[in-house]
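Please have the model open as you read.

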Amino acid sequence: MSFYDWLLFFHIAAAFALVAALVVFWSVAVAARNVDRPAESLRFFRVAQPAQVLIIVGTMGTVLFGIWLAIDADAYQVWDAWVLIALVLWAIAAGTGQRGGRTYNDARQLATQLAAEGRGEEPSAELKTRLGDRTAMWLNIASSVAVLLILIDMIWKPGH
Amino acid sequence: MLAAIRPSDWNFPLLLHVLGAMLLVGGLVTGVTALILGWRRDSAFYSRFGFRALLFVAFPAWWLMRIAAEWIYSKENLAEDPTWVGIGYITSDAGGLLLLITLILTGIGARRLRRADGSGGGGSNLLVRIGTVLASLVLVTYLVTMWAMSAKPG
């Protein structure tokens, strides 16, 4: 395997980690959308914990190895249109995903606090509102669509 | 480099193949995480969640990945299959079979755990545990496949 092959492998592996994290987050967000008991919501948040690592590895890995690939390969340049499009989409995906994820982090903190106070089995209207927050959902949709567009951009390579 | 010389009519099936593979790995990560969590506590809850992630995400994604792979293969007209194509065929089909067995085992196991949970029972379930090991094996297999598909040995 050449150096280019290894770079490509790590770039693709990071992309898989990123999408895997999004799938985990979506599975948890959909399953927990009507949950109002802190103890139950914490069960869902435990499933999402490994995805917190995957999203960081995926987000940073895709851009770092992607730029490295563009520098290393003679056929591509960092200023190629499809590379610049990917970087813009990456920034949109990361920004909207981070903003959308903040609401779920707030919900997790609230659930942890309520459970610590011994109210884990009591329904909480505030927790339910945060878990079903429509703005957060739309931000996550925007983030996922941006990732899908990056994949399309990577395959079609417009302007190349 | 390969992308630069790839005919443009391969792009759509390639998109479906890669998207299917990514969703498959995502579904497996979700399912395996939940099933592993269920070994220690709340077995009924995590087994049901893990089973649903495998059934509603990983299983349909496997079909998307596999059908799109066949679509691209039919366009390539290879005289002789390179090593990476062979690895892809073996791992995707064996992984699909293991995924199906996992679904059956965890489905039955999750159902039993729910009944036991309702009657005041609890604990884990051997079928779910076997399913967890198999699903983890499928996930590792597909990570090796991902390496073969990207590095293309041979």
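1. Helix α2 of chain B is mostly covered, with 20 of its 27 residues buried. Here, buried takes 20 or more other C-beta atoms within 10 Å of a residue's own, exposed takes 12 or fewer, and partly exposed lies in between, with C-beta atoms placed from the backbone. Helices are DSSP runs of H or I of at least four residues, strands are runs of E of at least two, and both are numbered from the N terminus.

2. A word on the source: this is a predicted model, where local features need pLDDT of at least 70 and side-chain atom pairs count only at pLDDT 80 or more, while totals for chains, interfaces and linings use all residues. Residues are numbered from 1 along each chain as its sequence is written, and chains are lettered from A and ligands numbered from 1 in the order in which they are written.

3. What does α2 of chain B give to the contact with chain A? The contact takes 27 residues from chain B and 25 residues from chain A, counting residues whose C-beta atoms, placed from the backbone, lie within 7 Å. On the chain B side, α2 gives the most, with 15 residues.

4. Chain A has five helices and zero strands, in the order α-α-α-α-α. Its C-alpha trace spans about 60 × 30 × 20 Å along the principal axes. Of the 160 residues in chain A, 38% are buried.

5. Among contacts in chain A between residues at least 6 apart in sequence, those joining residues at least 24 apart make up 82%.

Definitions and conventions: Contact = placed C-beta atoms within 7 Å.
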